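Dear colleague,

I am handing over the structure below, together with notes on what was found in it. Please read the notes with the structure open beside them.

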Amino acid sequence: GRNPNSRTFRGVTTSGASTSSTLTLSLQQTGIKDLPAGTVITVSAWVKPLRNGITASNSLSFTLKFGDSIAKTLTPSNGDLNAWQLMTGTVTVVGDGPHTVSLEVKTKGKSGNIFAVDDFSVKAVEPPVGYKFCSAK
């Protein structure tokens, strides 16, 4: 589960920001190495919607990515306000890196506190064909 004692990142749009068009907020970690092409990984993050008034025309969505591969997409509802949700998905690494993990948040119709995110994780679950994971003994 989510570590309740860790620090979180809060995504905010500035007061007066355009609420008539979709805004994209992106949080990313670049320079991830030592994951060769073909490695199957699990990517995860905990997200918490901080804005209400989510409708089709005032939308909010989260996309968790590794490189250009989408691990998980989440479109919360108003009932998800202030509730931590785990986003997790499995993707196959493309290219030998360095790689980037990112969370893209699209919001429309509201300004101010939009979301919180915590506990990003990238875990190799299957090596590429012809490789084996090392085991500690």
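F9, F62 and F115 form one aromatic cluster, in which rings of Phe, Tyr and Trp (its six-membered ring) count as paired if their centres lie within 6.5 Å, with planes under 30 degrees apart called stacked, over 60 edge-to-face and the rest tilted. Before the details, please note that this is a predicted model, in which local features need pLDDT of at least 70 and side-chain atom pairs count only at pLDDT 80 or more, whereas totals for chains, interfaces and linings use all residues. Residues are numbered from 1 along each chain as its sequence is written, and side-chain values use heavy atoms, with hydrogens and water left out.

The structure holds 2 aromatic pairs. In the pair of F9 and F115, the ring centres are 6.3 Å apart and the planes stand at 45°, so this pair is classed as tilted. Because F9 lies in strand β1 (residues 9-13) and F115 in strand β8 (residues 112-126), the pair ties together parts that are 106 residues apart in sequence; strands here are DSSP runs of E with at least two residues, numbered from the N terminus. F9 is partly exposed, with a relative accessible area of 39%, whereas F115 is buried at 2%, where buried means under 20% relative accessible area, exposed over 50% and partly exposed in between, for a 1.4 Å probe and protein chains only.

F115 also pairs with F62, and here the centres are 5.9 Å apart and the planes at 80°, so the arrangement is edge-to-face. F62 belongs to strand β4 and F115 to strand β8, so this pair joins parts that are 53 residues apart in sequence. F62 is buried, with a relative accessible area of 0%.

β1 and β8 pair in the antiparallel sense over 5 bridges, and the bridge partner of T13 in β8 is G112.

Turning to charged side chains, the structure holds 1 salt bridge, a term that requires a side-chain nitrogen of Lys or Arg within 4 Å of a carboxyl oxygen of Asp or Glu. The side chains of E104 and K65 meet in this salt bridge at 3.5 Å, N to O. The pair links distant parts of the chain, with E104 in strand β7 (residues 99-107) and K65 in strand β4 (residues 60-66), 39 residues apart. E104 is partly exposed at 23% relative accessibility, while K65 is buried, with a relative accessible area of 16%. Leaving aside residues up to four places away in sequence, K65 touches I70, A71, T100, V101, S102 and E104, contact meaning heavy atoms within 4.5 Å.

Definitions and conventions
Helices (H or I, at least four residues) and strands (E, at least two) are DSSP runs, numbered from the N terminus. Two strands pair if DSSP finds at least two bridges between them.
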